[in-house]
Amino acid sequence: MSAATWIGVALAGGLAALTRFALDAAVSERFAGAFPTGTLAVNLSGAVALGFVAGVALHGAALTIVAGGGLGSYTTFSTWMFESQRLGEAGAARTLWLNIALSLAAGLAAVTFGHWLGGVL
Amino acid sequence: MSGPEAAGSGPAPGGDALKLCFYFGEHDRHGGRYLSEAVLDLFERRRLAAGVLLRGAEGFGAAQLLQTDRLLSLSEDLPLVALAVGEPGAVSATADELRGIADGGLITLERARLAGAEHRPGDEPHEEVKLTVYGGRGARRRGRPAHVDVVDTLHRHGVAGATVLVGVDGVASGRRLRARFFAVNGWVPAMVVAVGERERVAAAVAELEAGGEPPLATLEAVTVLRRDGTALPPSRGFPPAEAGEGEPGDGEWGTKLMVYCSERSEHDGQPLYLELIRRLRAEGAPGATALRGVWGYHGDHAPHGDRLLSLRRHVPIVVTVVDGARASRRWFEAAAEITAETGLVTAERVPRMFTLE
């Protein structure tokens, strides 16, 4: 990997982290209920974007920077798991399983949709 | 539960004391540092008998922004409650100084009496009292953790409910005690909040005093409105009759509603405290704070806390709402609906409160 790619990954990662933070906070505040909507919104939009990146067949350093740096930093597996565990602690079992099932099913659909969109364009 | 070697001066046992509660946010700042630091410094400087800083699990303030430790993105500005008791003059002066340094939040001043040898809760003119015992989490009493011993004593005497709250910072006898990440934490401040009939509380206090060094404890007048789904006699309407009297001096008078339940208590299949906070916020309450205890009980349940290897938490929860005496009726009605099956609901008179903007 070239020095330019390293710098690209760092910049894309930083920018993506800030975007994720802003979107998560905005969605969570808007739908402040028991369900972790902010994290779901971040992960689903990230899945659409990654599907799209694959659909338009981005490759080389551009793929590393956008997919590895940007979307890797944007989406969050750990927060999804952390918030699921907190739901379990609070005794909201239905919401816990909904959070896991919905993220998986809608996540797959989101990647498929992004991939299709990238192919069409 | 006793404090470290007494250095500060507090009110004499049985004497009148004043209790200050300050509701604010973790991110609030003053003079280039966190406001919470400045507040605890102030408690120390004024040599108050006891002071505890508690971090809430969930809540909102006047801006109606929900903060909760359930969601990572909404947990950076959790609600804080700093409370202190001491000699009335010192506490009043602390409140005045606090109003000068804080730009937001709510300050309440309530009357309290120091429980002690010369004064039994039986002398209180009220049917029910709130007992608060201050101490350290690491303290031991009769061969077990002091808070477990105190809660057990209260439960045995039939006191309606008790909750152990652990602070993140505090003052005891005028000396600063801080919870540190890498420390034995022998003196992490802790407090037991209990509500019950005065005779039962009196009997429990007498036993606590007989069984070792008397703990620092305060008594306040309180009205129990609901207990595990049972509305108490209609003669105890809301707001409590005595709350109608005005109070000379500055500040307005209000009512403090408290709901004691457990992390496991439910309403309509949802955790009770989450439903209560959601409902209060939807109806436009000026703020609400949920505190998570580490041990305790309410109603007929046995004392409980978290268990090892159990995903679900089993700790007590206390939700507090403070508002003007008249406006509080609405919040009581919301709480009454949500506590239709379980939970202990109490009201206290707040003689002076200040909303800071």
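**A closer look at one helix**

Modeller: In helix 5 of chain A, the buried residues are A:Thr95, A:Leu96, A:Asn99, A:Ser103, A:Gly107, A:Ala110, A:Gly114 and A:Gly118. Buried means under 20% relative accessible area, exposed over 50% and partly exposed in between (1.4 Å probe, protein chains only). The model is predicted, so local features need pLDDT of at least 70 and side-chain atom pairs pLDDT 80 or more, while totals for chains, interfaces and linings use all residues. Residues are numbered from 1 along each chain as its sequence is written, chains are lettered from A and ligands numbered from 1 in the order in which they are written, and side-chain values use heavy atoms, without hydrogens and water.

Helix 5 covers residues 93-120 of chain A, 28 residues in total. From the first C-alpha to the last, helix 5 reaches 40 Å, close to the 40 Å expected at 1.5 Å a residue (1.5 Å times one less than the number of residues). Helices are DSSP runs of H or I with at least four residues, numbered from the N terminus.

Helix 4 comprises residues 77-89, and within helix 4 A:Phe77 and A:Trp80 are 3 residues apart, which means a separation of about one helical turn. A:Phe77 is exposed, at 56% relative accessible area, whereas A:Trp80 is buried, at 11%.

A search of the whole structure finds 3 aromatic pairs over all chains (ring centres of Phe, Tyr or the six-membered ring of Trp within 6.5 Å; planes under 30 degrees apart are stacked, over 60 edge-to-face, the rest tilted). The pair of A:Phe77 and A:Trp80 is edge-to-face because the planes stand at 80°, with the ring centres 5.7 Å apart.

Chain A also meets chain B. The contact (heavy atoms within 4.5 Å) takes 20 residues from chain A and 19 residues from chain B. About 1,800 Å² is buried between the two chains, and carbon and sulfur atoms give 56% of that area (accessible area, 1.4 Å probe, lost on being put together, summed over both parts). On the chain A side, A:Arg86, A:Glu89 and A:Ala90 lose the most area to chain B, together 28% of what that side buries. Across this interface the rule finds 1 salt bridge (Lys or Arg side-chain nitrogen within 4 Å of an Asp or Glu carboxyl oxygen). A:Arg86 and B:Asp69 meet through their side chains in a salt bridge, 2.9 Å from N to O.

Definitions and conventions:
Helices (H or I, at least four residues) and strands (E, at least two) are DSSP runs, numbered from the N terminus.
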